[in-house]
Amino acid sequence: MADTDLLFRNDDSTDARSAKGPVLPANLEAEAAFLGAVLIDNKVIEELTTPLMADHFHEPVHQRIYERVLKLLDRNSVATPVTLKPYFESDEALKQLGGTTYLAQLTADGQGLLHPRELADQIYDLALLRELVSVGRNLVEGALDTSDEVEPLRKIEMAEADLYRVAEGATTGSEAQTFRKAAFGALEVVQAAMNSGGRFSGKTTGLDTINDKTSGLHNSDLVILAGRPAMGKTSLATNIAFNAARRLMDDLKTGIEADKSPGAGVAFFSLEMSADQLATRILAEQAEISSEKLRSGKLSREEFQRLSFASQELTDLPLYIDDTPALTIGALRTRARRLKRRHNIGLVIVDYLQLLQGSGRASDNRVNEISEISRGLKTLAKELHVPVIALSQLSRQVEQREDKRPQLADLRESGSIEQDADMVWFIFRAEYYHNATKPDTPDETSSEEVRMKYAEWEARHLELVNKATLIVAKQRHGSTGNVPLLFHSEFTKFSSPEVRNYEEYE
């Protein structure tokens with residue numbers, strides 16, 4: 001039929017170009033041939049290496065046919081022209097092509113069975129090209145439109161975000177997903193928790209007590225890790241970064257696929273410390289060498305050998321450190337997308353939130369700027385589908401209270417941090433504050449009262465030494481409460497206690 005012949009013509013034909021000008025890249029013959037192969041042999045879909053979806057087809061009729069095929073196969077039914085017929089008898093667009101006889105025509109010659117993978121690859125690639133055309137058109141239109149504020153950096157950031165989505169294979173029709181697909185995703189999370197022995201379903205922190213409380217770090221979640229200076233925020237973040245990266249490295253060596261591992265490649269944005277300082281700290285933690293010895297260089301031969309061995313062992317550690325100072329939230333998101341694309345990172349850590357800068361529009365108001373930054377970090381977590389841990393300062397109100405344990409109201413400069421976060425953690429070490437009250441050490445001339453006072457202080461010190469508490473003040477998908485930890489100050493290293501007496505950490 002004439003209409004059918006027109007459908008099988010490539011969209012980029014010379015006649016079409018001369019009549020309509022430049023048109024979107026597509027190959028309708030390839031789409032029809034591939035659909036014919038699928039209807040002849042449904043197993044063709046199972047053998048595809050390309051994540052082909054209905055939205056990747058250019059012709060709307062082909063989109064609906066492929067979508068119906070996938071639904072039939074999900075129900076373990078057979079997809080053939082006969083089984084598809086009832087679903088398309090009232091399809092007006094298909095009637096213009098000859099009605100349901102067009103379904104049979106797709107399988108007429110079976111040419112698609114000769115190379116179905118190549119056809120699928122071409123359909124997918126052309127879909128990405130069409131999306132790229134759309135991004136380019138939007139970029140040009142946005143650059144030419146100066147009716148509102150002229151913000152070239154903002155437009156560049158938006159364009160790069162769109163390009164990242166194209167690189168990841170996203171198309172304009174894939175923003176919303178059915179409940180069926182979302183439910184399958186939820187079941188996969190539950191299955192991951194079951195496979196871990198019922199302990200956690202997200203990315204591992206490497207600390208059992210935290211994993212038990214939070215079920216790990218979950219994709220798209222923004223975690224705020226806050227504390228006063230000297231509490232160990234950076235140390236805990238560094239520990240988590242190393243533990244997640246080390247787990248992924250070890251699993252890959254044993255043949256476990258990256259998407260099956262609770263570990264993750266980590267992007268660590270260190271706005272306060274340099275990359276070599278951070279690497280030195282990690283090596284010191286793993287070799288269990290005092291950071292003071294590292295700074296002074298007073299190492300024994302045995303300690304230097306341990307340090308060298310740790311360095312060699314971690315050569316392939318998927319931990320990527322970016323120590324660029326004064327990053328804007330837009331620049332950080334751009335760099336994170338690049339690391340996701342190049343290294344498939346599964347966790348982002350930012351040290352720390354208040355050192356980031358906004359876009360400049362809200363820089364005259366620090367509260368608004370911090371709000372923009374926290375929203376940007378949450379958007380990044382959802383966009384890359386990875387957990388993001390952002391360290392944050394606390395206000396000095398903590399120091400003015402008798403009870404030094406932090407509260408949500410202590411989050412500095414913006415209530416939006418609490419609002420945007422899926423989890424808020426406070427790291428608290430009572431030992432630090434108790435050490436500040438240390439009385440003078442008694443001697444032979446000291447009174448009994450002085451001796452008693454020192455003995456009471458020392459007894460309490462022994463109870464608190466090397467103990468830390470992670471206060472889970474907010475958890476969108478779980479309960480709040482205290483998590484016991486051990487802190488080895490000599491190595492700036494956290495670990496989980498073997499005997500978990502939670503009452504000691506209240």
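Author: Start with the whole. The protein exposes about 26,600 Å², and carbon and sulfur atoms supply 50% of that area. Accessible areas come from the Shrake-Rupley method with a 1.4 Å probe, and for residues only the protein chains shown count as cover. This is a predicted model, where local features need pLDDT of at least 70, side-chain atom pairs count only at pLDDT 80 or more, and totals for chains, interfaces and linings use all residues. Residues are numbered from 1 along each chain as its sequence is written, and side-chain values use heavy atoms, with hydrogens and water left out.

Reader: How many helices and strands are there in the protein?

Author: There are 22 helices and nine strands. Both are DSSP runs, numbered from the N terminus: helices are H or I with at least four residues, strands are E with at least two.

Reader: Why is Ile210 called buried?

Author: Buried means under 20% relative accessible area, exposed over 50%, and partly exposed in between (1.4 Å probe, protein chains only). Ile210 has a relative accessible area of 0%, so Ile210 is buried. Its place is in helix α12, residues 208-214. Across the protein, buried residues make up 44% of the 506 residues.

Reader: Which residues is Ile210 in contact with, leaving aside its neighbours within four places in sequence?

Author: Contact means heavy atoms within 4.5 Å. By that rule, the partners of Ile210 include Thr205, Leu236, Trp425 and Val483.

Reader: What makes α17 and α18 roughly parallel?

Author: Two packed helices are described by the angle between their axes and the distance between the axes. Axes are lines fitted to C-alpha atoms, for helices over the stretch in contact, and angles run from 0 to 180 degrees between N-to-C directions. The axes of α17 (residues 329-343) and α18 (residues 366-384) cross at roughly 15 degrees and come within 10 Å. Angles under 35 degrees count as roughly parallel, over 145 as roughly antiparallel, 65 to 115 as roughly perpendicular and the rest as oblique. Therefore α17 and α18 are roughly parallel to each other. The residues of their contact divide into seven nonpolar, two polar and five charged. Here Ala, Val, Leu, Ile, Met, Phe, Trp, Tyr, Cys and Pro count as nonpolar, Asp, Glu, Lys and Arg as charged, and the others, Gly among them, as polar.

Reader: Why is α3 called oblique to α9?

Author: Helix α3 (residues 28-40) and helix α9 (residues 116-144) pack at an angle of about 135 degrees, with their axes 9 Å apart. That angle makes α3 oblique to α9. Their contact has seven nonpolar, one polar and one charged residues.
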